[in-house]
Amino acid sequence: MTHRGLLVDSHGRTLRDLRVSITDRCNFRCMYCLPETEAAANFYRGRWAQGGFHPEPITRQWVPRSKILSFEEIERVVRIAVSLGIEKVRLTGGEPLLRQELDKLVRRIAAIDGLKDLALTTNGFQFNEKGYALREAGLRRISFSLDSLDRENFRKITGRDALDQVLESIRFAQKLGLHPVKVNAVIIREVNDHEIEALARFAAAHGLTMRFIEFMPLDSGRAWMKELVVPGKQILDTLCARFSLDPIASDNLSETAKRWRIRGSNAEIGIIAPVTEPFCGHCNRLRLTADGKIRTCLFSVTEHDLRSRLRGGASDEEIADYLAEVVWDKEPGHRIGQPDFVPASRSMSCIGG
Ligand code: SAM
Ligand code: SF4
C-alpha cells in the first residue's frame, strides 16, 4: 500500500473519521429510527393529524446476507482508509452486537497500524454477554443509546422492555474499564423531553459522558416533523436551570457536540444539534454501509458502490483512488428545513449513525 494522499473534499475538509455499519439488522424498533411498533404509529398518527405533508415511508427490506461485507472486506477498507488519513473508526449499525463473533472484527481493526481510536455504538441489549470479549479484543470506547429511564417510556421508544438490561450493560462497560462510556439520548418533543433532567442526573451519579441529540429526519417511517425537534438551545436551557455547567473548551472544530462538565461530578454532558445548529462546515466523517456503499453525508441521496470493486479484483491502490475521488464530491452540508430538502434514501439503521 503506497498511497500517500489524504481524503480531502472540494470544500477543503480533510476526513479523519470513518463510521462503519456492520449490519442493517436490529433487535430494537426505536421510534426515531425504525418506527414499526403500534406505539410509534399511534404517536405519529396523532401528530400528523395536526396537518402537514408526509412522504412515503421507506419500505424496509433487510439486505441479503450475500451483500453484507465480510470481516476481511471491512478490515481491508479500514486499512486503506487509515492509509489515507482516517484516524477514528466507529462500528455501528443497525445493532452491531447482532453480528456473530464481532470480537474477531474488533481484534482485526484494533491491530491496524496508524488507527488512533476505535469505538462502538450499541443499544446495549447484548453487551453483558459480549462486552468482555470485545474489551479483550481491543475495544476501548463505547456509546450506548438510552433515551429514557422510565421502563414504560423506554419500551414505548425502543419497542423492547429492556431498560434493565441496558442499565446493566452501562455498569458493566464501566467495570470493564472502557472509557469514556458515552450515553446517547435522542430527544423528541412530548416523548422524552421531560426526562432531560433525569438523564443528566443519571450521568452525574455514574460519571458518564451524556449526549443529547436532536431528532433528525432519518427514520424509516419518514415520520419526522420539525415540531418534534427539541432544539439544542432548549435542552441547554433546561439543564442550566437545574445544574451548574462549566463549558469544556475544545480546539477540535469537527467535534459534533458542544460540551460541559456538570459541576461537582465526573460527568460530562454534550448537546448535538445538527438540525438547528448544523456543523457541516467542519464535518470530517465518511460512512461505509453494511452492504459496502460509501456515503459522504448522513443525508446523501446517492451512494458509491465500493462492494463491486472489492469483489471485482480492484487493487488497494484502486480502492484508495476511488475513495479519494468520491470524497472530493462530499456534499457541502445537509439542507434540513430548506424547501429543496430531499430525505436520505435509507434510514439511520441502514446508514449507520
Ligand atoms: N443500534 C445502535 C444504537 O442504537 O446505538 C447503533 C446504531 S444507531 C442507528 C446509532 C445512533 O443513531 C444512536 O445513538 C441513535 O440514537 C441515533 N439515531 C438513530 N436515528 C436517529 C434520528 N432519527 N435522529 C437522531 N439520531 C438518531
Ligand atoms: Fe436499532 Fe439503534 Fe435504530 Fe434503535 S437506533 S432501531 S437500536 S439501529
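I number residues from 1 along each chain as its sequence is written, and chains are lettered from A and ligands numbered from 1 in the order in which they are written. The model is predicted, so I ask for pLDDT of at least 70 for local features and 80 or more for side-chain atom pairs, while totals for chains, interfaces and linings use all residues, and side-chain values use heavy atoms, with hydrogens and water left out.

**Salt bridges.** I looked up the salt bridges (a side-chain nitrogen of Lys or Arg within 4 Å of a carboxyl oxygen of Asp or Glu) and found 30 in the structure. One of them pairs aspartate 316 with arginine 79, with the closest N and O atoms 3.2 Å apart. Aspartate 316 sits in helix α10 and arginine 79 in helix α2 (residues 71-83), so the bridge links parts of the chain 237 residues apart; helices (H or I, at least four residues) and strands (E, at least two) are DSSP runs numbered from the N terminus. Arginine 79 is partly exposed at 33% relative accessibility; here buried means under 20% relative accessible area, exposed over 50%, and partly exposed in between (1.4 Å probe, protein chains only).

I then checked glutamate 87, which bridges to lysine 116 with the closest N and O atoms 3.2 Å apart. Glutamate 87 is in the loop between α2 and β2 and lysine 116 in the loop between α3 and β3 (117-122), so this pair ties together parts 29 residues apart in sequence. Glutamate 87 is partly exposed at 25%, whereas lysine 116 is exposed at 63%.

The next pair I looked up was glutamate 227 and lysine 226, with the closest N and O atoms 3.3 Å apart. Glutamate 227 is partly exposed, at 43% relative accessible area, and lysine 226 is exposed, at 58%. I also noted one network, in which salt bridges that share partners join Arg211, Glu255, Arg259 and Glu268.

**Glutamate 95.** I found this residue in the loop between β2 (88-92) and α3 (102-110). Glutamate 95 is buried and has no salt bridge, the nearest side chain of opposite charge being lysine 130 at 8.0 Å; Lys and Arg count as positive, Asp and Glu as negative, and His and the chain ends are not counted. What does the side chain of glutamate 95 reach? I find the backbone nitrogen of leucine 97 at 3.1 Å.

**Backbone.** The peptide bond from histidine 179 to proline 180 is cis, with omega near -5 degrees. I place proline 180 in the loop between α6 (163-175) and β5 (181-187). Glutamate 101 has a positive phi, near 55 degrees, although it is not glycine. Glutamate 101 lies in the loop between β2 and α3 and is partly exposed at 47%. Glutamate 190 likewise has a positive phi, near 70 degrees, in the loop between β5 and α7 (196-206).

**Surface patch.** Leu6, Val8 and Trp328 form a nonpolar patch with about 270 Å² of accessible area together. Patch members have over 30% relative accessible area and no salt bridge, with like charges joined within 9 Å and nonpolar side chains (Val, Leu, Ile, Met, Phe, Trp, Tyr) within 5 Å. Areas come from the Shrake-Rupley method with a 1.4 Å probe, and for residues only the protein chains shown count as cover. Valine 8 lies in the segment before β1 (17-21) and is partly exposed at 31%.

Note on methods
Polar contact = N/O pair within 3.5 Å; in protein donor to acceptor, adjacent residues only side chain to side chain.
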